[in-house]
Amino acid sequence: MIDMEERIMIENGTRLDGRRFDEVRPIKIEVGVLRNAVGSAYVEWGKNKVIAAAFGPREVHPRHQQSPIKAIVRCNYNMAAFSVPDRKRPGPDRRSSEISKVISDALTGQVFVERFPRTAVDVFVEVLEASAGTRCVALTASSLALADAGIPMRGLLVGCAAGKINGEVVLDLGKEEDNYGEADLPVGIEPMTGEISLMQMDGHFTREEFDKALGLITEASKGIHEMMIEALKRRYSEV
Ligand code: ADP
């Protein structure tokens, strides 16, 4: 068994992939990539490749899920069998159900659901390549797909994580950092208001480390938010 304490992931203040502590992996965003979806987005984030497709507001099936006072927002997160080095068993599992739920809940808080009673807003997320932090990438892509679909929302959600490696709080863990790190804190945040709609935690932070991690996420989310706005603008200046 690997001794986690001995895994050196920081050398001379630099991380394995050369990043600073407060640096996210490179991000590339494209909106409106799918012809048959109402809205869609493709996000590359480090070695993650994620596509999201949004539909609705539309009729709810199964009907018993419909609400007379608001729209329901559903997310289906799926990792392709070829998305990881060892083939992943296709189909839903506990992890994908959990991620689908936390993303649905986060998005529900942003969509003006009361405007569309008895309807459903659906987002399908396909993870084509996974390399740590896919729920954050999925949330970011979902939010963009909903915006592209013209679904009225309070704001765009950014998914971003911070973690702890070799005792240091760092932004956006890469795969190896995620495997051998001491903590991971994925967060969904609306950077204009600072409102947090998703927060999960693996491992352990002291209160001070937690505050530092959240500070790094809050700061980074502003830059990512700008990239999202730019991607939406590009999409709509093309047509
Ligand atoms: P997140 O992707 O949001 O960080 P996890 O912490 O559950 O969620 O997963 C971390 C990483 O582990 C994923 O991004 C992916 O690279 C890898 N992973 C997840 N599930 C599997 C699986 N079934 N097989 C192989 N690798 C997986």
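About 300 Å³ of space lies in the second largest pocket of this predicted model, where a volume is the space filled by probe spheres set on grid points joined across faces, edges and corners. A pocket is an open set of points on a 1 Å grid over the protein atoms alone where a 1.4 Å probe fits, with protein on both sides within 12 Å along at least five of seven lines; lining residues have an atom within 4 Å of a point. The second largest pocket has 14 lining residues, and those nearest its centre are Asp17, Lys47, Ser131, Gly174 and Lys175. Helix H3 gives the largest share of this lining, three residues; helices (H or I, at least four residues) and strands (E, at least two) are DSSP runs, numbered from the N terminus. The lining of the second largest pocket comprises two nonpolar, four polar and eight charged residues. In this classification, Ala, Val, Leu, Ile, Met, Phe, Trp, Tyr, Cys and Pro are nonpolar, Asp, Glu, Lys and Arg are charged, and the others, Gly among them, are polar.

Residues are numbered from 1 along each chain as its sequence is written. As the model is predicted, local features need pLDDT of at least 70 and side-chain atom pairs count only at pLDDT 80 or more, whereas totals for chains, interfaces and linings use all residues; side-chain values use heavy atoms, with hydrogens and water left out.

The largest pocket holds about 390 Å³ of space. It is lined by 21 residues, and Arg95, Ala132, Gly133, Arg135 and Asp178 are the closest to its centre. Two or more lining residues come from each of helix H1 (94-108), H2, H3 and strand E10 (183-190). Nine residues of the lining of the largest pocket are nonpolar, five polar and seven charged.

The ligand takes up the space of the largest pocket, the criterion being that more than half of its atoms lie within 2 Å of the grid points. Around the ligand (a heavy atom within 4 Å) are Met79, Val84, Lys88, Arg95, Ala130, Ser131, Ala132, Gly133, Thr134, Arg135, Lys175 and Asp178. Four residues of this shell are nonpolar, three polar and five charged. Helix H2 (134-148) and helix H3 (175-180) each contribute at least two residues to the shell.

The distance is 2.5 Å for a polar side-chain atom of Thr134, 2.6 Å for an N or O atom in the side chain of Arg95 and 2.8 Å for a polar side-chain atom of Arg135. On its own the ligand has 540 Å² of accessible area, of which the protein covers 74%; the area comes from the Shrake-Rupley method with a 1.4 Å probe.

Backbone geometry was also examined. The peptide bond from Gly56 to Pro57 is cis, with omega near -5°, and Pro57 lies in strand E5 (residues 48-59). Another cis peptide bond, with omega about 0°, joins His61 and Pro62; Pro62 is placed in the loop between E5 and strand E6 (72-79). Arg118, although not a glycine, has a positive phi of about 65° and is found in the loop between H1 and strand E7 (119-129).

Conventions. Polar contact = N/O pair within 3.5 Å; in protein donor to acceptor, adjacent residues only side chain to side chain.
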